[in-house]
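Please open the structure in your viewer and follow the stops below in order. Each stop says what to select and what is there.

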Amino acid sequence: MFSQNMIIRDGEYTKTIYTMIKEERFQDAINTLNGIPESSTTRAGLSLLGHCYYQVQDFIEAANCYEQLINIVPDVQEYRLYYAQSLFQAGLFEEAQKIVASGLESPELKEKVLQLQSAIAYGNEDYTTAQSLLLQRQDGNGQEASIKNDEGCLLYQANMFEDALQRYVPALQAGGFNPHVAYNAALCHYRRKENSQALNYIAEIVERGIRNHPELGVGAQAETEGGARSVGNPPALAASGLAQAFNLKAAIEYQEGNIEGAREALTDLPPRSEPELDPVTLHNMALTDPIGGGAGLRRLAFLLELGPPTCPPETFANLLLLCCKHEMYDTAADILAEHTHLTYKYLSPYLYDLLDALITAQSTSEEAEQKLGTLANSIGGRLRALAAKVQECRSATDQNALRMALREYEGALESYLPVAMARAWIPWRMDDFQGAEREFRASAEFCSETPSWRLHAAHVLFMRGDRYKEAAAFYEPIVRQNYDDILSIPASVLANLCVAYIMTSQNEEAEELMRKVERAEERKGNANGQCLHLCIVNLVIGTLYCAKNNYEFGLSRIAHALDGGSGARLCADTWIHVKRCVLGLLTGMAKQTIVLPSIALQETLNFLRACEAYGLTIPSVLTGPLEDSGEQPPTIGLEARKLRSLLLKLMEYK
């Protein structure tokens with residue numbers, strides 16, 4: 001008989017199949033068994049198939065096998081237990097509970113049945129029942145580590161992270177190193193914002209996983225730039241805890257603002273194709289997608305449609321936040337309306353009020369301001385009370401109480417900052433920069449030392465148009481702090497600081513900063529056009545000079561920024577600045593308020609000709625992450641030709 005290009009002689013089926021199972025080649029065993037007609041009707045065949053399907057995490061097929069087995073041999077209690085376990089792993093909690101309640105009374109299986117019942121109650125978020133069942137379990141027979149781990153899980157769900165840790169650490173000591181228990185301990189440290197301790201556990205999980213399971217190919221995706229062969233979802237991956245560890249590492253990096261580090265952590269995962277990814281990995285990839293928001297939104301929407309328990313609890317909130325980030329407020333409102341049953345389950349009152357205010361701002365700014373004001377006052381009062389508590393703890397020299405008070409204050413400040421930003425954003429989007437500055441001054445009491453607050457305050461002062469010196473004072477510490485790694489600074493900060501220097505007659509400082517950026521890009525290597533810092537700085541400076549009617553110098557800076565229009569930097573993001581400045585020139589020439597030397601006009605024509613040639617297939621407009629009109633968007637080449645034609649007509653006009 002042939003199976004997967006392998007010949008199995010008569011009389012060697014049993015030996016071959018058991019060898020495959022011993023070597024954990026479960027998919028090969030499944031393929032071989034499915035080639036034997038008797039496998040789907042006999043006890044031996046169904047038992048082997050059920051075991052193999054369970055090991056490859058195809059729990060529905062495993063449940064089907066065990067369902068047939070309990071019909072063939074109804075007296076074997078183990079098959080009934082395996083059937084319930086398969087249903088539970090497939091997320092069919094109610095069905096699993098019915099099987100457990102329908103006659104699993106074997107004394108030998110009592111401990112496993114209690115453990116399964118407790119897991120079902122935990123999965124249904126019925127923590128009271130889970131606790132009651134846990135108390136019925138016995139510490140003997142090597143169950144001490146398992147019971148302590150389960151106790152820790154219940155305490156974790158009650159947000160009692162310190163108490164949960166006091167269960168996980170003894171569980172690791174009693175039962176030896178278990179990657180899943182170590183992950184639970186790391187998760188507690190993460191929730192307590194003790195990231196260094198969490199990373200220590202993660203490092204040990206990863207180190208042991210690499211050493212014990214080299215076949216999983218940890219890091220292979222990074223080495224092959226995503227071209228590594230998929231390892232699938234073998235039992236070794238589930239046992240190693242590697243997926244959980246790398247996902248937690250990605251969450252820590254993401255929380256600390258290191259998006260690139262989060263992507264690297266996910267890239268180090270054992271290579272799998274997208275259909276093979278677990279929901280948590282898919283969720284985290286959606287948040288860190290380097291391509292753009294569209295793919296991330298689609299992944300989160302897909303997970304939300306799967307629903308609990310498959311869908312991670314954070315999916316609903318993150319989908320709404322991502323929609324707001326991309327200014328898709330109508331979509332966010334629709335999602336809230338369609339999933340009202342999830343609103344109270346997965347959104348805190350604070351987050352719901354914040355999202356509600358952001359969505360309301362699209363129709364009624366006054367009502368949104370009122371909602372945000374109420375929220376800010378509530379959190380502001382709590383911050384003042386916590387600040388007083390911190391001072392009391394400092395006076396009492398109680399270090400533990402001080403740490404807890406500081407942690408509470410930092411948590412409240414994290415909640416206050418988005419509200420303060422949202423209050424400033426409402427006047428900002430209406431170009432009321434004075435109103436935005438007023439909101440920033442109102443929140444300075446709590447946020448003045450927060451880097452993100454200082455950055456956005458600098459942007460507001462810059463946009464005022466007459467506060468460049470103050471804006472530079474906010475930008476300079478940001479640049480100075482990262483001067484040795486200047487390309488890690490957002491390009492907008494460098495560009496705005498250069499403009500602020502120019503507008504305050506500090507041209508030498510602006511030139512020195514630009515030279516620093518240029519040297520950094522040369523060291524990094526800019527052949528692929530991915531380093532856009534100097535390009536953006538030149539674009540902003542060129543636009544500034546054009547706004548001051550110095551089109552000769554302004555357009556020359558813009559052309560220099562884009563390599564004369566023939567470089568890889570020409571894209572929809574940069575082209576929008578080019579055409580605005582060229583249209584301003586054309587308007588001034590048509591009104592006869594601007595006169596340019598013929599050589600400058602010829603350089604502009606050459607620049608547009610280069611943009612036309614290079615941008616024949618490059619879209620000229622920015623699209624939203626979910627926009628797909630089906631129509632061919634206009635290209636940079638076509639728009640450059642139209643601008644060049646208009647310029648030629650105006651040059652010929654007498």
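**Stop one: a pair in a helix**

Select Glu204 and Arg208: their side chains meet in a salt bridge, 3.3 Å from N to O. A salt bridge here is a side-chain nitrogen of Lys or Arg within 4 Å of a carboxyl oxygen of Asp or Glu. This is a predicted model, where local features need pLDDT of at least 70, side-chain atom pairs count only at pLDDT 80 or more, and totals for chains, interfaces and linings use all residues. Residues are numbered from 1 along each chain as its sequence is written, and side-chain values use heavy atoms, with hydrogens and water left out.

Glu204 and Arg208 are about one helical turn apart because they lie 4 residues apart in helix H12 (residues 195-212). Helices are DSSP runs of H or I with at least four residues, numbered from the N terminus. Glu204 is partly exposed at 31% relative accessible area, and Arg208 is partly exposed at 29%. Buried means under 20% relative accessible area, exposed over 50%, and partly exposed in between (1.4 Å probe, protein chains only).

Next select Arg519 and Glu512, whose closest N and O atoms are 3.6 Å apart in a salt bridge. Then select Glu437, Arg441, Arg464, Arg467 and Glu470, which salt bridges link in a network. The structure holds 31 salt bridges.

**Stop three: a buried serine**

Is Ser86 buried or exposed? Ser86 is buried, at 0% relative accessibility. Ser86 is in helix H5 (residues 77-89). Beyond its neighbours within four places in sequence, Ser86 has contacts (heavy atoms within 4.5 Å) that include Tyr54 and Phe59.

Terms used
Helix = DSSP H or I, 4+ residues; strand = E, 2+ residues; numbered from the N terminus.
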